[in-house]
Amino acid sequence: MGMAIPTGLWALTILIGVATTVLIVAARGRFARMPPGQKAWRVIEDWVCIFLVVGMLAAAALQVVTRYAFADSVSIVWTEEFLRLLLVWGVLWGATIVQREDDHICMSVVHDLLPERFGWMIRLAGDVIVFGCLGLIFWYGCENSANLFGIYTTSLGLPVAAFALAMPIASGLMIAFTGANFIRRLRHGARRAFWSRAER
Amino acid sequence: MSAPVMLIVATFTILLVMRVPIAFVLISSSVVGIVLSPMPIGLAALPTSMWQGVNHFVLLSLPFFILMGDLALCSGVTQRLADWAQAFFGHISGGMAQVSIVVNTIMAGMSGSDLADAAATGKLLIPAMRHSGYPVAYAASVICGAAAIGPLIPPSINFIVFAAATDVSIGRLFLAGAVPGLLLAALLMGQASFVARRHGYPKLPRVPYRDRIPVTLVSLPVLAIPVAILGSIVAGIATPTEASLVGVCAVIAVGGFLYRSLTLRDFVDQALISMKTVGAIFLVIAAAAAFSRVLTLYGVADSVTQWVIGLTRDPIVFLLVVNVFYLILGCFIDTTPILLVVVPILMPTVKALGIDPVHFGVITVLNLLIGLMTPPYGLTMYVLCRIADITIQEFWKYAWPIFGTMLVALLLITVFPALSLALPNLLLPVN
């Protein structure tokens with residue numbers, strides 16, 4: 001068994017949750033024109049994202065304040081591990097949002113020169129490759145996480161799997177978004193092909 | 001080159017050309033490398049390597065510096081800086097062009113991304129320059145050149161990624177970029193002055209000294225932010241991560257409470273934009289960590305070192321060749337993948353030839369920044385052409401001299417390592 005989770009961590013997590021909710025309510029105009037299904041997901045997505053940002057800021061601020069204001073007389077050693085945990089989850093959560101928006105960094109120069117139909121097929125093939133990569137990460141990420149449930153972090157008292165789980169969860173979400181992008185691209189491309197035939 | 005390495009390179013090239021996101025190009029190439037490896041490495045190593053690549057102490061400051069830059073863009077900072085720069089530099093030959101360069105130089109101390117700087121200053125200063133009688137394409141090209149100062153003057157996202165890829169001190173890299181950044185600013189200002197005299201571009205009326213005081217007082221908190229960030233790192237008061245946090249808090253305080261331009265909605269919007277940027281960069285970092293292990297497995301970097309040393313042992317010749325290589329590469333690929341994939345391959349050669357990795361870092365970053373100006377992958381150029389509503393041909397009609405000036409700065413920084421190394425050697429010497 002690992003050590004107990006620090007009480008301060010619970011308190012900080014609740015505070016971050018409250019602050020995040022206040023911020024999301026203040027920014028509710030973002031979701032005004034979205035259809036209900038999309039709106040529900042985007043609220044969750046934004047809430048998690050802002051929670052992670054506010055959490056990172058709070059954890060880092062606590063580190064600085066305890067170090068300088070209290071000259072290390074009050075030591076909260078778990079803040080660094082907490083910051084790393086939030087960083088790992090934050091960056092992978094950000095990556096899933098970028099995947100949903102189909103906006104990851106890529107080299108499009110050659111692709112843009114291809115004929116439209118050929119370029120469309122290449123993009124679909126690219127989606128299949130992305131699927132394959134994400135499938136591997138998901139599978140082995142689950143395996144790694146399962147192995148790490150019995151090992152605990154030194155100061156947070158959480159299973160190391162709390163870090164490792166970010167990888168399969170993010171890749172699982174990215175698989176879903178890649179699927180949605182693939183279907184959208186397939187439909188869009190098929191429609192364009194149909195219209196061009198009809199015009200001919 | 002062994003057959004597995006050739007297959008890895010072929011996979012990498014084909015998928016890159018197919019417009020597969022670079023992170024997945026790296027993952028696929030790593031999978032090929034792992035599968036073909038004669039050593040018993042399972043694919044289970046892939047997510048572990050990726051996770052370890054992200055869970056890096058050096059990278060903790062990156063999200064905060066990105067957030068600070070994004071928050072600065074909508075907190076009224078740019079407008080105050082432009083007012084201050086107009087009061088002090090508007091009367092010099094090339095008035096508004098000088099103002100644009102000065103604003104970008106100071107913004108560089110708050111934002112580490114040249115794309116973000118270009119977008120923010122372009123929206124504000126291109127209309128202002130057009131109003132003052134400058135050709136709009138010239139305005140866009142001046143801001144494009146000036147935005148490249150951003151990632152040279154600390155904080156710099158590119159330097160943090162470089163440090164993560166090479167284990168070079170961030171503090172030394174930050175300091176090393178300062179003088180080259182100021183040198184580039186000075187060269188661009190000189191060039192703007194020359195162009196303005198030649199074409200008869202207008203300058204602003206001189207602002208009396210008594211009127212400069214209130215403008216300075218209003219802008220003082222903004223001007224203090226970059227000084228506080230770099231000062232705290234150099235003085236050893238704060239680590240780069242802590243300094244980045246101080247920067248975020250300072251921008252929130254200045255934009256939210258002092259200027260009252262930053263709202264809660266703005267904070268949420270900018271935080272989401274920042275996390276998307278962070279996500280896109282970190283996925284490449286994670287994938288590059290796995291790819292770099294595969295390359296190490298096959299000894300690619302060592303082979304490159306042997307090959308290069310067989311060709312030349314002159315550091316300057318090597319750096320000049322690398323400059324050309326980077327400039328070509330920068331035309332096609334984004335900065336982050338180059339920093340994470342190419343730099344670790346070249347690093348053993350850099351060390352073998354006795355080149356300081358910090359000096360090499362500055363050269364690399366400046367090269368990649370020039371690449372952001374050149375088509376077909378000139379992101380900064382595209383952003384500014386869209387803001388200015390001009391074509392790439394119109395942009396390049398005025399951008400050639402600025403491109404040339406940047407090449408001169410690159411050449412000086414390459415040939416005179418002291419320009420990069422004097423400050424870090426003075427303030428943060430290696431023990």
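**Notes on the model**

1. In chain B, helix α9 (residues 157-166) packs against helix α16 (residues 335-352) at an angle of about 35°, and their axes lie 9 Å apart. The crossing of α9(B) with α16(B) is right-handed. Please keep in mind throughout that this is a predicted model.

2. On the α9(B) side of this packing, the residues are B:Asn158, B:Val161, B:Phe162, B:Ala165 and B:Thr166, and they meet B:Thr335, B:Thr336, B:Leu339, B:Leu340, B:Val343, B:Pro344 and B:Met347 of α16(B). Sorted by class, the residues of this contact comprise 8 nonpolar and 4 polar ones, with no charged residue among them.

3. A cis peptide bond, with omega at about 0°, links B:Pro154 to B:Pro155. B:Pro155 belongs to the loop that runs between α8 (136-147) and α9 of chain B, and α9(B) is the helix whose packing against α16(B) was described above.

4. Turning to the two chains, 57 residues of chain A are in contact with 53 residues of chain B. The size of an interface is often given as the accessible area lost when the parts come together. Between chain A and chain B the buried area is about 5,300 Å², and carbon and sulfur atoms give 80% of that area.

5. Which elements of chain A give two or more residues to the side that touches chain B, once the 4 residue pairs in polar contact between the chains (both at pLDDT 80 or more) have been noted? They are α1 (7-26), α2 (36-68), α3 (78-100), α4 (109-113), α5 (116-147), α6 (161-164) and α7 (166-199) of chain A. The largest share comes from α5(A), which supplies 14 residues. By class, this side of chain A holds 39 nonpolar, 10 polar and 8 charged residues.

6. Over all chains the count comes to 13 salt bridges, and between chain A and chain B the count is 2. Side chains of opposite charge can pair when their charged atoms come close. In one of the salt bridges between the chains, the side chains of B:Asp269 and A:Arg30 meet with N and O 2.6 Å apart. Because B:Asp269 lies in helix α13 (residues 264-297) of chain B, while A:Arg30 lies in the loop between α1 and α2 of chain A, the pair joins two chains.

7. A last point concerns the backbone of chain A, where A:Asp102 has a phi near 55°, a positive value in a residue other than glycine. A:Asp102 is placed in the loop between α3 and α4 of chain A, and both of these helices are among the elements that give two or more residues to the side touching chain B.

Technical notes
Residues are numbered from 1 along each chain as its sequence is written. Chains are lettered from A and ligands numbered from 1 in the order in which they are written. This is a predicted model: local features need pLDDT of at least 70, side-chain atom pairs count only at pLDDT 80 or more; totals for chains, interfaces and linings use all residues. Side-chain values use heavy atoms; hydrogens and water are left out. Axes are lines fitted to C-alpha atoms, for helices over the stretch in contact, and angles run from 0 to 180 degrees between N-to-C directions. A crossing is left-handed if the near helix is turned anticlockwise from the far one by less than a right angle, and right-handed if clockwise. Contact means heavy atoms within 4.5 Å. Ala, Val, Leu, Ile, Met, Phe, Trp, Tyr, Cys and Pro count as nonpolar, Asp, Glu, Lys and Arg as charged, and the others, Gly among them, as polar. Buried area is the accessible area (1.4 Å probe) that two parts lose on being put together, summed over both. A salt bridge is a side-chain nitrogen of Lys or Arg within 4 Å of a carboxyl oxygen of Asp or Glu.
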